[in-house]
Amino acid sequence: LQARFGREAIGTYIISMSHSPADVLEVMKLAELHGLADHLDIVPLFETRAALRESADVLRGLFAHPAYREHLRRRGDTQELILGYSDSMKEAGILASRVGVLETQRVAARVCAEHGVALRVFHGRGGSVSRGGGPTYRAIRALPPEVFGGDTKLTEQGEVRAFHFSGADLAVRYLEQTVGAAVGARFEARYAPRREMEGEGEALEALAQASHDAYRELVEDPGLVPYFETATPFHTIAQLNIASRPAKRRGGELSLSDLRAIPWVFSWSQCRTVITGWYGVGTGLSAMLENGGEAQLHRLYDRSPFFRDLLDNVEMTLAKVDLAIGRRYAELCPDEDVRERVFGRICHEHDATRAAVLRVSGAPMLLHDDPVVRGSIELRNPYVDPLSYLQVEALRRARSGDEPEAWDAVARVAVQGIAAGLRNTG
């Protein structure tokens, strides 16, 4: 492609699931053998929670390698890395994932500065809040000032592409918002950098750990996978030709580690519980609220763009939850003990998260300060709800053997309608 269209046709080689310097060095050597090394940025993608934590050691190992350091010099002394939101969310929950991505950026910036290398962060954001999505303007303004140098990349994928680029006016407005956020963030980083609040890092880490523990308690429940397979339309979604990769990495029985993030998020959204966008946040906030940390949380919400953006996105996700309809899906799980235990946990954590988010924000209701989005959800729900009831009935009939092919087709059509109504679902 470079030979045919020019060197700019392809300038980046991305290495998924990077865990060590060798993952990058072997690609560099392969590129050297074919005379391409000077024309490619070799970019590690850190996706899992462990990989995010190992990223600093990977960068140090690369910068200490003479051949790679020379490669970087020829590429303008700029190191690009990609931060994946989806897999870390699936492993640790949204709060721990976002805090992990934030800390990875800060550590990477320090490592690059120590070695005289510029850092370019590529944010592998998915369409939904659960996978790193949300308003781009707020996301850019929430970037750490020491990280954002005006040179960054963002992915736009899934249904958000149509929301942002389906018309010229939409595309221009989105471009204006994105450039405006970048200019503002760069100006503040250079001339008026926001100082981190005293104890901010420790507070975020404590919130992340408590949230992570609550999330892991749910996903490690032995009944969670059977519940997920029966109380959500996962198998219907897995049959849809809507992604570049299969729903899970390996054959055999379903496990959380093999399941890809898109069907995980999509399935929980379809059953109207959307746990991937909020589960664990309530436990994290409540632990701090109950231990005299309310004033600190209020300060975080007022002064930390990152924390404000995170809670605003959680609030938007909570507004899309309908536990009454979620109960209808839960009834599709044939094991009563599993059904009551898993759905009971979801309901308990939902109530805790909703109460804690409103207590921290000081708002009387969800999306109180965003009446446009609140009104949009209220307008769409009367059209989405019947599709959810229809999907539950279609799944029940298909599984009972009552014309399964016909009812499977109904369930698939309902998936599309529910996704269009809920938006940012997968």
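A residue is called buried when its relative accessible area is under 20%, exposed when that area is over 50%, and partly exposed in between, as judged with a 1.4 Å probe and with protein chains only. By this rule F5, which lies in helix α1 (residues 2-5), is exposed, because its relative accessible area is 55%. Helices here are DSSP runs of H or I with at least four residues, numbered from the N terminus.

The structure is a predicted model, in which local features need pLDDT of at least 70 and side-chain atom pairs count only at pLDDT 80 or more, while totals for chains, interfaces and linings use all residues. Residues are numbered from 1 along each chain as its sequence is written, and side-chain values use heavy atoms, with hydrogens and water left out.

In soluble globular proteins, nonpolar side chains tend to be buried together. A nonpolar core is a set of buried Ala, Val, Leu, Ile, Met, Phe, Trp, Tyr and Cys residues joined through side-chain atoms within 4.5 Å. The largest such core in this model has 76 residues, and Y227, W264, L285 and F307 are those with the most contacts inside it. Its largest share, nine residues, is supplied by helix α18 (residues 336-361).

Contact, here, means heavy atoms within 4.5 Å. If neighbours within four places in sequence are left aside, L285 is in contact with L207, L297, F307, L311, A356, V357 and V360.

D309, found in helix α16 (residues 305-319), counts as buried because its relative accessible area is 8%; leaving aside its neighbours within four places in sequence, D309 is in contact with R98, R138, A139 and A142. H212 in helix α10 (residues 200-219) is likewise buried, with a relative accessible area of 16%. Its side chain makes a polar contact with the side chain of R49 at 3.2 Å, where a polar contact is a pair of N or O atoms within 3.5 Å and, within protein, one must be able to donate a hydrogen and the other to accept it, residues adjacent in sequence counting only if both atoms are side-chain atoms.

Finally, S97 has its place in helix α6 (residues 94-114) and is buried at 3% relative accessibility. The backbone oxygen of Y85 lies 3.5 Å from a polar atom of the S97 side chain.

Conventions
Helices (H or I, at least four residues) and strands (E, at least two) are DSSP runs, numbered from the N terminus.
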